[in-house]
Amino acid sequence: MEEQTKQRLLDKRYLRMARIWAENSYCKRRQVGALIVKDKSIISDGYNGTPSGFENICEDETNRTKPYVLHAEANAITKVAKSSNSSEGATLYVTASPCIECAKLIIQAGICRVVYSELYHCADGIKLLQQAGIVVDLIEIE
């Protein structure tokens, strides 16, 4: 099988896994999942939610996301930072394209590629990642 086709199949598989991981989120408005993969191994994972020790309620009474809710990418990056792994040169798979705040974290974490399956309402994060020379791929999954 051609290397490019093989990589595309792997990309779709990791995106499906990220989508399943998103189901762990307690957020009602949007559930997002992320995986950090390096050398064909998942070295970290994350989903959007409140910080450790907070109640698992992401929205306020008006159904707005609480300001302290962490995005899936931020959770995956901080999780890898607490481990003995390094995200330098890794690929981030995420169900929704990163916001600008997460894009900054992705750049600083040394992640070299981001694969996502749906566009977040704002493309600023994608633009910043591309400006930093990070490969960004939109791959829609069934």
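Modeller: Cys102 is found in helix α3, where helices are DSSP runs of H or I with at least four residues and strands are E runs of at least two, numbered from the N terminus. At 4% relative accessibility, Cys102 counts as buried; buried means under 20% relative accessible area, exposed over 50%, and partly exposed in between, with a 1.4 Å probe and protein chains only. This is a predicted model, so local features need pLDDT of at least 70 and side-chain atom pairs count only at pLDDT 80 or more, while totals for chains, interfaces and linings use all residues. Residues are numbered from 1 along each chain as its sequence is written, and side-chain values use heavy atoms, with hydrogens and water left out.

Setting aside neighbours within four places in sequence, Cys102 is in contact (heavy atoms within 4.5 Å) with His71, Glu73 and Ala74. Cys99 sits in the loop between β3 and α3 (100-108), and Cys99 is buried too, with a relative accessible area of 13%. With the neighbours within four places again left aside, Cys99 touches His71, Glu73, Tyr120 and Gly125.

Now for the record: UniProt, in an unreviewed entry, places the feature "binding site" at His71, Cys99 and Cys102. These residues span 32 residues in sequence, yet no two of their C-alpha atoms are more than 8.9 Å apart, so they gather at one spot. Do keep in mind that UniProt positions are given in the numbering used here, feature names are shortened, and annotations may be inferred rather than shown by experiment.
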